[in-house]
Amino acid sequence: MKKSHILAIAVIAVAIGIIMSTVGDASVYVSFREARERAADGNLTKVHVVGRLPRDGQKNIMGLEYNPTLDPNYFAFTLVDTNRIAQRVIYFNPKPQDFDKSEQVVITGAMRNEVFVADKILLKCPSKYVEKDIKGATAAR
Amino acid sequence: MLNTFIGDLGHISVIVAFVAATVAAYSYYMAAREKPLGETDASWLRLARTSFLVHSGAVMSIIICLFTIIYSHRYEYYYAWSHSSNHLPVHYMISCFWEGQEGSFLLWIFWHVIIGLAIMRFNRKWEAPVMAVFAFVQLFLTSMILGVVLFDVKLGSSPFILLRDFLTDLPVFKTNPDFVPKDGTGLNPLLQNYWMVIHPPTLFLGFALTLVPFAFAIAGLWKGELSKWIKPALPWALFGGLVLGVGVMMGAYWAYETLNFGGYWNWDPVENAVYIPWLVLVASIHGMVLWQRSRTALRTSFVLVIASFLLILYATFLTRSGVLGNASVHSFTDLGLSGQLLIYLLAFMALAIGLLVWRWKSIPVSEKELTTYNPELWVFVGATVLCLGAFQVLFTTSIPVYNAFLGFLGIKSNLALPADQIAHYTKIQLWMGVLVAFLTGLAQIMWWQKNDKNTLANSLAVPGIITLLSAALVILLVRYNKLQMSGTYIVLLTTGLFGVLANLGVVLTLIKRRVALSGGGVAHIGISLMLLGILASAGYSNIISKNVSGLVYSKEFPEDLNRDNVLLWRNDAAPMGGYDISYTGQYYDVPGVPGYVNKELLFRTDDEYKALARADIKAEGKTYYKAGDTLEISPENTYYRVEYKQKESGEVFTLYPRAQVNEEMGGLLASPDIKRFVDHDIYSHISSVPDPSKEKDWSEVKEYTLAIGDTIYLNDYFAVFRGVEPAHETAGLGLAKGDLAIQGDFLVFGEKKQYHVHPMFVVRNRLIGRVSDEVEDLGLRLTFINVDPSDKKFTFGVSTTQKDYIILKAMEKPFINLLWSGTLLMAVGFCMALVKRRREASIGNGATPVVAGQKQTREPKQQLA
């Protein structure tokens, strides 16, 4: 066998290995119901959940728990997924500062006992590009 | 006043640029058609050149128009309104220019124009076919900013759109169509950084430079000159590798300094999108060098050169089409260009692959089989390793694309990027690093000598032994510092050291012979150092701010959770790692005064950007402002002063991590401050502060009636009421003659120092006004409530609040300087190689066989020597 053939076979083997590793490591977007089912089955791999924060009549987010003087590394909130299932989420980090403003939240992590332990929070904030209002536009000419 | 002229001029320039690019592409094509390389149809060529010059002029005109709009604050234009503001300094106005998608396209277009003009001037022989490709690319790029509607299809997004045409629903435009906002919404504060002035142009120059070897390869395929394109294209490819590599690292450095994820690389799809083509471009350079030296790997060079440009287009598609969606934190927003971007990508893919397939059989292949003693084999293996590394990042980063594609076919897919991206990428990229470091050392040693079993063993022995010894030493040192070192880390360490030492040996011998030859060696030392720097700084990044108290909730989860942030009360020192750390107050940046100025020395006015000095403002022994002076401040950033005292040595240093309250970006943006030592960095950032947008919770006012000289306890602090005096900080009050202003003089004894507190009592037009004074350090506020002239008693109100605090994360990054210095060395090496290949290419420009022969004879000499 020529060396180039050996090299080609090695390359293909590594490439397949890479594909397999990506497939193995790739996470999924799930609902909280599925996240609970996975945890019940003993599957502790981390998943992504997309959701919104429940707000009361004054647009305040309900169920935020962050008391830095007690423990700066404990932040808990409730997230409602796309199927309208609410779930308590704990994040062992300080509360992200822009959390209150965010419209959509993506968390990664897994269910443990009765709570979802998140290790990453991705916030979809109202982007400045879609800004549709000018401050003081009516006041000043 | 609304000015539509400059926007119209800009828009017309865009249209002219687009039409001229189309004409240039067609006429360059006609000029080169059915003629061998170097011969052209004179009249078509004249037309082509003229139209490319017209195109260049129009592009300049677009840039001037857009910059004028930003520079003169013409907020009637959406671009200026949404990316700039009145208080932005000029150098950041340049960054506004490319903050938006349209501006960054423009930057890319600009570089293509400059490079195109250089090719027209310096590569006459290749001009027509190469420039046909260039003009074709420009046609696509200018179409992205065209902003015209053709047959109900919107082509491109114009940067010259008026605000009233963008925000059509805004009520103010119905009543007053000529409304112009007074101020813009400003530049994203994270981009207000000097790296953001220089990083995007560098990166886009890198993007633009990948087009050159691609255009030469296409021209070569088209004209059937299947090997001659390498020589003129190689210096351009090296230039591209240099600029793109440096550009990527600039972005990494910016992220390290400005963002707060705690590192320089986050595997964000936007970062990956540039890293992938850079790896392939570097691989293609190796392929081209192999052809230049021993007439092998030509097909590889073709494939890789074409792939690197197509990957740049793919990167553009990923970051600008909105396909990444949730997957990236900093891709551009979707401007509805995804269709156009996809057509751009597919058109060039079809063109390049079609030509390649057509000529594939006639591309010469080397007959001789490479043996293990041929350095060419190892260079080739190295290039393959780079491509495999690129493939992993590409395959994973494309996950959102698979979802979008399946969704397009009607299949719902819920695939997400790996939850632990770092672990996922590291497990392949680390081994790529190992192989790259090893192969650079091996191939460089073999490259410059004649190899057989004996010579190879001899020349590997010395660097090999030194490598093993130094690796053993490092491992012992790591153990001595009570750190673990896994097997993979040991392998990376050893190969990294081998890469440095073997290449160093090569460079030292080459310097004696001819310095110009050592570019490759220098660049490879740089790469190996970078790998070692990454190993140390990422593998041994150490959180110093481990929280040891406040474990209230952790009983729920007994596992070891990372609790990486600590709360620091103002002026309370807390132990952390090997340091005693204290947070000692908030500071502002005052232009003209070195360092930062304590907030307590400043009295804020109605104008956000102006403040009054409450005391003399001194820095480094010089007085910059006297008490009562008005001074300009930069109110956006608050700097939190954090003092680090090393417990063992008693050494003290101060960091000022900053945070910026920004409503539009949604909250608080924190940026780290970094203390740099030779062998490590201390990196700290604020994770949280009391919400600055909320009013403080003050306790109910407690009244005290005091006589001069009385002593009281305020919120655990001991305070002396020393007297009443005429108020001296009245500049902000606008007092008139006959008004009265007095102030109480208190001395409060805090933990660290004493505070003078001066609540004011003002009688103005027979009305009483009270200006209370706050000591932020102590969470204390005093109000002068009343004067009782009869028995010389004064009433003061005292209220208290929670003390100020910050939540801090701090970490140590060992040997991160290896990464930055390795980057510089890599850049130097690229430059040296560039100079050498450029000289060879210009010798070859005459294309006389004699010159070619000379080169042929020189190379064996190098091999023999």
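This is a predicted model: local features need pLDDT of at least 70, side-chain atom pairs count only at pLDDT 80 or more; totals for chains, interfaces and linings use all residues.
Me: Why is helix 1 of chain A called roughly parallel to helix 14 of chain B?
Reply: The axes of helix 1 (residues 3–25) of chain A and helix 14 (residues 375–397) of chain B cross at roughly 20 degrees and come within 10 Å. Angles under 35 degrees count as roughly parallel, so helix 1 of chain A is roughly parallel to helix 14 of chain B. The crossing of helix 1 of chain A with helix 14 of chain B is right-handed.

Me: Which residues meet where helix 1 of chain A contacts helix 14 of chain B?
Reply: From helix 1 of chain A, the residues include A:Leu7, A:Val11, A:Ile18 and A:Thr22. Among those they meet in helix 14 of chain B are B:Leu377, B:Val381, B:Phe391 and B:Gln392. By class, this contact has 11 nonpolar, 4 polar and 1 charged residues.

Me: What makes helix 11 of chain B roughly antiparallel to helix 14 of chain B?
Reply: The axes of helix 11 (residues 269–294) of chain B and helix 14 of chain B come within 9 Å and cross at roughly 160 degrees. Angles over 145 degrees count as roughly antiparallel, and therefore helix 11 of chain B is roughly antiparallel to helix 14 of chain B. Helix 11 of chain B passes helix 14 of chain B in a left-handed crossing. The contact has 17 nonpolar, 7 polar and 1 charged residues.

Me: Why is helix 18 of chain B called roughly antiparallel to helix 19 of chain B?
Reply: Helix 18 (residues 487–513) of chain B packs against helix 19 (residues 519–539) of chain B at an angle of about 155 degrees, with the axes 8 Å apart. The cut-off for roughly antiparallel is over 145 degrees, so helix 18 of chain B is roughly antiparallel to helix 19 of chain B. Their crossing is left-handed.

Me: What classes of residue make up the contact of helix 18 of chain B with helix 19 of chain B?
Reply: The contact has 14 nonpolar, 7 polar and no charged residues. Gly counts as polar; B:Gly496 and B:Gly499 in helix 18 of chain B are among the contact residues, as are B:Gly521 and B:Gly539 in helix 19 of chain B.

Me: How is chain B divided into domains?
Reply: Chain B has domain 1 (1–187), domain 2 (189–361), domain 3 (562–688) and domain 4 (702–801). The centres of domain 1 of chain B and domain 4 of chain B are separated by 62 Å.

Me: What does the UniProt annotation say about residues 102–321 of chain B?
Reply: The unreviewed UniProt entry annotates them as "domain: Cytochrome c assembly protein". In the model, this span is 71% helix and 3% strand, and its end C-alpha atoms lie 13 Å apart.

Notes
Residues are numbered from 1 along each chain as its sequence is written. Chains are lettered from A and ligands numbered from 1 in the order in which they are written. Axes are lines fitted to C-alpha atoms, for helices over the stretch in contact, and angles run from 0 to 180 degrees between N-to-C directions. Helices (H or I, at least four residues) and strands (E, at least two) are DSSP runs, numbered from the N terminus. Angles under 35 degrees count as roughly parallel, over 145 as roughly antiparallel, 65 to 115 as roughly perpendicular and the rest as oblique. A crossing is left-handed if the near helix is turned anticlockwise from the far one by less than a right angle, and right-handed if clockwise. Two residues are in contact if their C-beta atoms, placed from the backbone, lie within 7 Å. Domain bounds come from an automatic or database domain assignment. UniProt positions are given in the numbering used here, feature names are shortened, and annotations may be inferred rather than shown by experiment.
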